[in-house]
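Hi,

Here is the structure I promised to pass on. My notes follow below it.

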Amino acid sequence: MEGWCLRKYHNTMKIKTILFIAAFVFFITGCTFTEEVSMTPVSLPEATVGKPYRVEVTINTEGGIIGGFNAPVSPSNSGLGIDVCNPNDSTKNALSCVVIQGVPKDTTQITINISGNIIPEHGVIYKVRKVFDKTYIIQVKEAE
């Protein structure tokens, strides 16, 4: 009977040790959540062929730093491009405000996909991966 109790005790301790190690690994590596942050405006106004176009887009970084950024314009020869709102801004949050600007060349549909991720400025035990990914469509109309 004594041997049986001893084995049961060792098995229970093994299980508790495994659970403790699993919890410790989970705690150290953290868990990751993905959260999408907002961008404004929700949609972009129409553009007119041959007329200057300029719209600012703001990415809500929620106190973080933009770590990755991508903003392809399609078609690439549309006459519109993307840049930071303030080219003289060399701070870590310069990309939180971008401007879509230029002079559209043709009546077409221009697509701009602004995407990337935000790195939190503070260390946390759990990780919240914040991303932004928005596709804007600009209709270009003929000049009146």
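A quick term first: I call two residues in contact when they have heavy atoms within 4.5 Å. Counting contacts in the chain with a separation of 6 or more, 72% are between residues 24 or more positions apart.

Before you read on, this is a predicted model, where local features need pLDDT of at least 70 and side-chain atom pairs count only at pLDDT 80 or more, while totals for chains, interfaces and linings use all residues. Residues are numbered from 1 along each chain as its sequence is written, and side-chain values use heavy atoms, with hydrogens and water left out.

The chain has 1 helix and 10 strands (DSSP runs numbered from the N terminus: H or I of at least four residues for helices, E of at least two for strands). In sequence order, that reads α-β-β-β-β-β-β-β-β-β-β.

Of the 144 residues, 28% are buried (under 20% relative accessible area, with a 1.4 Å probe and protein chains only). Beyond its neighbours within four places in sequence, Ile138 touches residues including Leu44, Tyr53, Leu80, Ile100 and Ile112.

There is also 1 disulfide (cysteine sulfur atoms within 2.5 Å): Cys85 and Cys97, with sulfurs 2.0 Å apart. Cys85 sits in the loop between β7 (80-84) and β8, and Cys97 in strand β8, 12 residues apart. The S-S torsion is about -70°, so this disulfide is left-handed. Cys97 is buried, at 18% relative accessible area.

Cheers

Technical notes. Buried < 20%, exposed > 50% of the residue type's maximum accessible area, 1.4 Å probe, protein only.
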